Amino acid sequence: MHEFGACRVVRQKLFASPTGSKLVVVVWKSCGAKVPDSTQASIVARGRTFSPESTPTFVSVRGHPDVVVAWSSERAVRIGFIPEPAQVDKRDQRAGDVTINYE
C-alpha cells in the first residue's frame, strides 16, 4: 500500500495580485480518517509551480470553508473564511514580503 499515510491535495482557487505577479493558491488537504481535513493557502510568484511539499503555507484551518481573498496591493492581502473556521492550525501575519490581514 504505497499511499498509506499519504495526503491528497486538491487545488481549489487562485487569486492574482493587482499586477498579477503573485498568486494566493488555496488548496484542500485530506490525509485520511485520523487527520482532519484542512483548507490551506500559500503565495507563489506567477510563473512558479505550486508544490504542496515545497511552497510554504501561511494559513491552515480545519474543514473546507469558502475562502475570500482580496489583494489591497502587491504587498498586502486580506483573507477570510465563510463560515468562520472552528479551529485555526496556522495563521501567519506575513508570507515573504506580503502582509496578511485576516477578517
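**Core and sheet**

Reply: Gladly, and keep in mind that this is a predicted model. The largest nonpolar core has 18 residues, and V24, F58, I79 and I100 have the most contacts inside it.

Me: Which strands each supply at least two residues of this core?
Reply: Let's go along the chain. Strand 2 (22–30), strand 3 (38–45) and strand 4 (57–62) each give at least two residues.

Me: What does I79 touch, leaving out residues up to four places away in sequence?
Reply: Contact here takes heavy atoms within 4.5 Å. On that basis I79 reaches V67, V68 and V69, and also I100, N101, Y102 and E103.

Me: How many residues are in the second, separate core?
Reply: This core includes L23, V27, V44 and F50. Its residue count is five.

Me: Which are the edge strands of the open sheet of four strands?
Reply: The strand order is 5-6-9-8, with mixed pairing. An edge strand pairs on one side only, and that holds for strand 5 (66–73) and strand 8 (94–95).

Me: How do strand 5 and strand 6 run, parallel or antiparallel?
Reply: A hairpin links strand 5 to strand 6 through two residues. Seven bridges join strand 5 to strand 6 (residues 76–82), and the two run antiparallel.

Me: What is the bridge partner of V67 in strand 6?
Reply: For W71, the partner in strand 6 is V77. For V67, the bridge partner in strand 6 is F81.

Note on methods. Residues are numbered from 1 along each chain as its sequence is written. This is a predicted model: local features need pLDDT of at least 70, side-chain atom pairs count only at pLDDT 80 or more; totals for chains, interfaces and linings use all residues. Side-chain values use heavy atoms; hydrogens and water are left out. Two strands pair if DSSP finds at least two bridges between them. A nonpolar core is a set of buried Ala, Val, Leu, Ile, Met, Phe, Trp, Tyr and Cys residues joined through side-chain atoms within 4.5 Å. Buried means under 20% relative accessible area, exposed over 50%, partly exposed in between (1.4 Å probe, protein chains only).
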